[in-house]
Amino acid sequence: MEIILASGSPRRKELLKLITSKFEIIVSGVEENLEEGLTPQEQVKRLAYIKAKDIYEKTNGNRIIIGADTIVTKDNKIYGKPKDKVQAKQMIEELINGDKTHSVITGICILIEDNGEYKEYNTYDEVKVFFKDISNKEIEKWIDTGKALDKAGAYSIQDEFGVFIDRIEGNYTTIVGLPINKVYDIIKEYI
């Protein structure tokens, strides 16, 4: 059974390696636009699905296609990847404003073709993240690393920014970008 990760994310690649070393990466070229009227949970499920479906339609044979999408949300506002350093700083300031709590939601879509039988799994995992106090100087130092610009919410738990996270409620790998506990449960019979 061929396994294909429909993502160019180095973090997702490393996480999938914890389940299996035998997979290929084919990056989906779909537009990742948010759709009006959907909840954050529906958004990530939809985006994970269109990424997986794009690669599914470009391949054939017995295969497992894994698509994923991660967003950060607070008070029903979605924080994607910042377009510049100014927006990155604004995102972090909003995330630490008030109760310093937000959610990270990762949608996963797994499409399986097994001897002509098609199976589709589309779900998500959500984690609560609690920040500590972060000074203006600390925010600017983080943003100056350049690592904030390609991350939803302008931060990553696995980098230097991890020192500002007080605690999480949920699965760490969901925050990094691929809830491997859920992926494993779906594909374990094939690996």
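Predicted model: local features only at pLDDT ≥ 70, side-chain atom pairs only at ≥ 80, totals over all residues.
Figure 1. The elements giving two or more residues are α1 (10-17), α2 (40-57), β3 (63-74) and α5 (172-176). Helices (H or I, at least four residues) and strands (E, at least two) are DSSP runs, numbered from the N terminus. Residues are numbered from 1 along each chain as its sequence is written. Local features need pLDDT of at least 70 and side-chain atom pairs pLDDT 80 or more, while totals for chains, interfaces and linings use all residues; side-chain values use heavy atoms, without hydrogens and water.

**Figure 2. Centre of the largest pocket.** In all, 31 residues line the pocket. R12, E32, D69, T70 and K81 lie nearest its centre. A pocket is an open set of points on a 1 Å grid over the protein atoms alone, where a 1.4 Å probe fits, with protein on both sides within 12 Å along at least five of seven lines; lining residues have an atom within 4 Å of a point.

**Figure 3. Elements of the protein chain.** The chain has six helices and seven strands. From the N terminus on, they run β-α-β-α-β-β-α-β-β-α-β-α-α. The C-alpha trace spans about 55 × 35 × 25 Å along its principal axes.

**Figure 4. Burial in the protein chain.**

Key: Buried < 20%, exposed > 50% of the residue type's maximum accessible area, 1.4 Å probe, protein only.
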